[in-house]
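This report concerns charged side chains and their surroundings in one protein model. Please consult the sequence and the structure shown below while reading.

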Amino acid sequence: MRIAKAMAHAGLCSRRDAEKWIEQGRVAVNGTALTTPAYVVKPGDDVSVDSKSLPQAEAPRLWRYHKPKGLVTSHKDPQGRKTVFEALPPELPRVVSVGRLDLNTEGLLLLTTDGELARHLELPSTGWLRRYRVRAHGKVGQADLDKLAKGMTIDGVQYGPVEARIDREQGSNVWLTLGLREGKNREVKRLAESLGLTVNRLIRISFGPFALGDLPSGEVSEIKQRVLMDQLGAKLAAELGLSSENQRLRAARRR
C-alpha cells in the first residue's frame, strides 16, 4: 500500500497529515528521506518517522468519548487552548478523532487507533446519520423545520437534507433534534441562524449506529471488535485487519 495509507493504518496520523510529514522530510524508507507520498511500501521495507520505526499495524480499535464543552478537537492548538487529546485518560493508546466537534459542542466523538478507519467513517459518502440535540433561542414552527429536508444553500454553501423536529419549548428557548449526514463546519449553527434561531447549546447524541447514551461527560468507552466488524461489513473489516482470521493470526504471533 502507499506510504500515507500505511502510516494511517499504523495509527500514527491521517493520510493528509502523513503527506504533510513526508513534505517536511520526517519520513524515511530504508534510511532515505521520502520526497513524495506516491511511494508504495514493499515487504521488507524499513519505514521510519522521526527516526522511529513505523509501528506494526494492529487491528483498529474504536471508542465513544463524551466530549465536554471548551475542548479543541486537535492534537495541538496554536492558541494554547486545552485539547481533547490532552484530556483523555492516560491509559489510552494514541488515537485520532473521527471528524471534529467545535469548541463549545458537547457529546459523542468517536476515537480510533486507525487513521484509515477514521477517514472512512467521517466521509459523507459513508452515509451515517449524525444526530444532535439543539437548544436555541427564538421561535420556530415544524413547517419551517420541514423545509430543511430538501437541503438549502446559505451564503453560497450547499447543505444536504436534514431531519429536524421540535422536542419542546423552554421559556424563550426551543429544544430540537437534528439529523444530518455531511457535518460541514458549523452546519447546525448556520442552519439554525437561517431560521432566525441562535444556538446556545449543541450536543451530538449519535454517530451512525453508535450512541452517546448515558456515558458521563469526559469518559470513554471502547466499542467491542465484533460490533465494529458487524457495522463495517465483512469486506471493509477484512481490509482494515478486523477479520476473524487476521485477529487469530495476531493472537498466535503474540503467544
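K5 is partly exposed because its relative accessibility is 32%; buried means under 20% relative accessible area, exposed over 50%, and partly exposed in between (1.4 Å probe, protein chains only). K5 belongs to helix α1 (residues 3-9). Together with R16, K20, R100 and R119, K5 forms a positive surface patch, a patch being built from residues with over 30% relative accessible area and no salt bridge, with like charges joined within 9 Å and nonpolar side chains (Val, Leu, Ile, Met, Phe, Trp, Tyr) within 5 Å.

The model is predicted: local features need pLDDT of at least 70, side-chain atom pairs count only at pLDDT 80 or more, and totals for chains, interfaces and linings use all residues. Residues are numbered from 1 along each chain as its sequence is written, and side-chain values use heavy atoms, without hydrogens and water.

Side chains of opposite charge can pair when their charged atoms come close. A salt bridge is a side-chain nitrogen of Lys or Arg within 4 Å of a carboxyl oxygen of Asp or Glu, and the count is 14 salt bridges.

| Salt bridge | Distance between N and O |
|---|---|
| D45 and K42 | 3.8 Å |
| E106 and R201 | 2.9 Å |
| R133 and D167 | 3.8 Å |

R133 lies in strand β8 (residues 130-137) and D167 in strand β11 (residues 163-170), so this pair ties together parts 34 residues apart in sequence. R133 and D167 also join R165 in a network of salt bridges.

Conventions:
Areas by Shrake-Rupley, 256 points an atom, 1.4 Å probe, with all protein chains shown as cover. Lys, Arg positive; Asp, Glu negative; His and termini not counted. Charge placed at Lys NZ, Arg CZ, Asp CG, Glu CD. Helix = DSSP H or I, 4+ residues; strand = E, 2+ residues; numbered from the N terminus.
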